[in-house]
Amino acid sequence: MSQSKPKQFPLPSSLKVVAGTESAQAAYPYYTQFEPADDQRFWFYNSMHFPEPMSAFDMVTAEAAYCALGASNTRVHCLPTTLGIDHRIINGRVYIGGNAVTDPQEIARRLEEFKQRAFYYYANWERLYSQWREKMMALINQAQQLPKPELPEFEPLANVHAGLGVAANHRLLDTYQKTLEGYYRMWHHHFEFLLLGYGAYLTFFDFCKKAFPEITDQTIARMVAGIEAEIFRPDDELRRLARCAVELGVDSQFNGKLSADQLIDTLRMSGEPGHAWLKELETSRHPWFNINVGDGFYHYHRAWNDDLSMPFASLPDYIERVKAGESLERPVGKLLAERQQLIEDYRELLTTDDERAAYDQMITLAHRVFPYVEGHKFYCEHWYTNLFFNKIREFGALLAQNGFFPDTEDVFHLTHYELESAIIDLMTAWSNGSAPRGPARWPQVVAQRRAAIREWAKHETPPALGAVPDVIDDPAIVMLWGITRETLDSWLSGSEQDPNELRGFAACRGVVEGTARIVKSVDEISRLQKGDILVCQVTNPTWAPIFGKISAAVSDIGGSMSHAAIVAREYGLPAVVGTGNGTSRIKDGQRIRVDGGRGVVTILH
Amino acid sequence: MSDSGFVGWFAELGLADRPQVGGKGGSLGELQRAGIAVPPGFVIKTAAFEQFLAALEREAPLRARVAAVDPDDLAAVTELSQQLRARVHGTALPAPLSAAIARAYGQLNARQQAAVAVRSSATTEDAADASFAGLQDTYLWVQSLEQTLDRVRSCWGSLYSVESMTYRRRHGFAETDVAMAVVVQTMVDARTAGVMFTRSPLTGDRSVMAIEGSWGLGSAVVGGDVTPDRWVIGKITGEISVREISDKQICHAPRSGGGIESVAVPQARRQAACMSDEELQALRMIGRKVERHYGRPQDIEWAVDRHSGAILLLQSRPETVWSAKEAVPVDRAVADPSLHVLKIFGGGNR
């Protein structure tokens, strides 16, 4: 190898705001803007969670999540070697940096705290987790109870006679603040167990890698993954609905010709069997259709409940299979037995009883914590996030009615501070009987920011910035982002990579060649032909219904333990997840090869 | 002595018989008993060698000369080797012995006249056979009783090869303890053959198997005459994690008139995988069964019969390289299982 100059990521100060988007950049809070001292630190682009430029409002997710993650690491469980994650925003991209603890004395001091806190959680996991579910359900309930924001011309008489003493404009602010408060709180709940859960899983993972140096990540994942996890429920419900349709004799309506709304209308008018099926639909929808088509970090990752076209698209196929005699039920008992056999077979290969005893302890701990790691996403990133963004949408509708901007969705181009100011503007105007000032201010701001997002999306952003660290020993970064020193080396040598090759996590083995279909939203699902390879930003259970149709899946986001990977394995679909930029590097219609066992995607043309 | 004193069929033998039948003979018997398919055959026991040798010793000393030779005097060892091998090879077998071998040979070939492999199976009284592996001769594709008897003498003679004698002298084996059994078994007309380690030769990982194979007889792979195809396969999962299909330019094939020869592989087959995935999975299951039977990782030679497609084992011996350095336990149990997570959170080197 030639002696090239030491490799370096660009410094934050050298990364420029795209020309013409300066005011959109300035909208992000001051504490998220890069400052000169940031050149001294290492930052990486969180493409795993935020693969596209984030609109101003959506940044609340980064803020709320890092506040809660940091608190859990730094102050609650006192992880010995790491504090929280700092975040910075440039060109709509979220860069993050860890705060490692390196002073041995400080590590030792934190270790003592950690043992009293984290070990208590491990020892009382089931009780605390069942308490968590209650807390989370209460929070969801509260969010559901929040009133729809509206400003009637006159305060309702009933409120006056009841002597309520506060008017609708105050309720507006109250609802908004509670909406935000709930979202921040949800993220605290989200991180209450998460790092501890991943840590216990990784402990077992590391043991396996030492005992069996050539074991694949997928095999370890299969030993740990739950069989009856929440992530399988939405698809299970669709299968149940397909069976119901056949049993009730309404299956002929599901011929793929009617839209979801037309279908529901038809069933509503078709008498008792149709009503019975719609009743079953309602049972499934609440809560299991509260799953969104992404990972909930963007307002436009809509839930099945908000757009039934996705789940309904798969019903005709499921109904055919039911009629062909398939049960469509997941063989839970068999899957559990297979997992147990796998664990026992590997155990048998260990050489000493000492090792077997350690293995037993670690797999037991991993199984104990994993239901949380798998289950929390449904409640947090899907259900609660849907409620949250939909509530913000209601404010968007109200503001749009009042001329603040043309479209309900435009509300997501305001930061959460700006949205509060717009609400206060409106409540003030409503109270005085004068006109709000917003309509003169926000339309051009929204237009500018929409244009900026489009512009930013055209520009590649460096995977990392700043000084290259010798080692990445921050367990949070290794755990949540899978980033190691080797990752950085591969980023640094990015230009030397085969331009036709993409690498990601090996999610589910199998080698398949086929036509790539880039699918960025639900509307595009109908473009998938049998045998196509799905290329998308993130696969999660919402995609499961079309897994019968496609031959392989490639995603931008996800690790070997991500939902994408778990679902792919469950359905035996060759998959490579976490390629980072598959949806931009692969072009629609290209012929590609997916090697799900090695985690490699090759563009063949 | 009855035939059974000289000859033992695989089905009658096991590892415990190694002092009489050598490592190879005992292993083939043990495999057959464990229900693993091996090419049928018998072992000419050490008693036959001892009787043959006793006749030679009566003419002139033999073992005493080996015991006296200086292993560092290559010229002396070479000269002695030539003399002793000539004596062994030039002496006819005692009549009862050749008759016993002829009867077994006839039984082995009762149904059809097939070629046999004649393989040395050396041993010592304490059956420390592993250390002799590869030092003695094997003859493939032997086509008649006459040739077989000739190759049996060659196998016995190979106990007095330069390498073999030097090895024994350097390691201090008593010559009177050293004996040679000979395996005679039906030759597999191999479409594909190779070796299998039931652990990773690279990392020692017991959860994977490494399989190497090439077209034709396994001698091309064992002898390093060809770069074989190579696979790494999950012992439990069956997942094929490494799949290296090489350019297999030559293969070993039977030569008319006996023995084997190296021939060019037709262009179309050179870069084709010599094993299907189904065959690899079948081989994996055989490997697991053998490993379970022995309770330790194995080093196996295998072949796929060209006609029946059956997978047969030609040899299985304990893996020695990684087993010799069986490492410190990866981890051990702790009083509070939570303590394990400190390996992740406690500042260890991740």
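In chain A, what percentage of contacts between residues at least 6 apart in sequence join residues at least 24 apart? The share is 71%, with two residues taken to be in contact if their C-beta atoms, placed from the backbone, lie within 7 Å. What you see here is a predicted model, in which local features need pLDDT of at least 70, side-chain atom pairs count only at pLDDT 80 or more, and totals for chains, interfaces and linings use all residues. Residues are numbered from 1 along each chain as its sequence is written, while chains are lettered from A and ligands numbered from 1 in the order in which they are written.

**View 1. Chain A as a whole.** Chain A holds 20 helices and twelve strands; helices (H or I, at least four residues) and strands (E, at least two) are DSSP runs, numbered from the N terminus. Its radius of gyration, taken over C-alpha atoms, is 25 Å, close to the 25 Å that the globule rule gives for 605 residues, so chain A is as compact as a globular protein of that length. That rule is 2.2 Å times the number of residues to the power 0.38. Along the principal axes, the C-alpha trace of chain A spans about 80 × 65 × 55 Å.

**View 2. Helices 10 and 11 of chain A.** Helix 10 (residues 260-268) and helix 11 (residues 272-288) of chain A pack at an angle of about 130°, their axes 7 Å apart. Axes are lines fitted to C-alpha atoms, for helices over the stretch in contact, and angles run from 0 to 180 degrees between N-to-C directions. The two helices of chain A are therefore oblique to each other (angles under 35 degrees count as roughly parallel, over 145 as roughly antiparallel, 65 to 115 as roughly perpendicular and the rest as oblique). Helix 10 of chain A brings A:Ile264, A:Leu267 and A:Arg268 to the contact, and helix 11 of chain A brings A:Gly274, A:Trp277 and A:Leu278.

**View 3. The eight-stranded sheet of chain A.** Here eight strands form an open sheet of mixed pairing, in the order 5-12-11-7-8-9-10-6; two strands pair if DSSP finds at least two bridges between them. At the edges lie strand 5 (501-503) and strand 6 (505-508) of chain A, each pairing on one side only. From one strand to the next, the twist averages 30°.

**View 4. Strands 5 and 12 of chain A.** Strand 5 of chain A runs antiparallel to strand 12 (residues 600-603) of chain A, and three bridges join them. Look for A:Arg503, which stands opposite A:Val600 in strand 12 of chain A.
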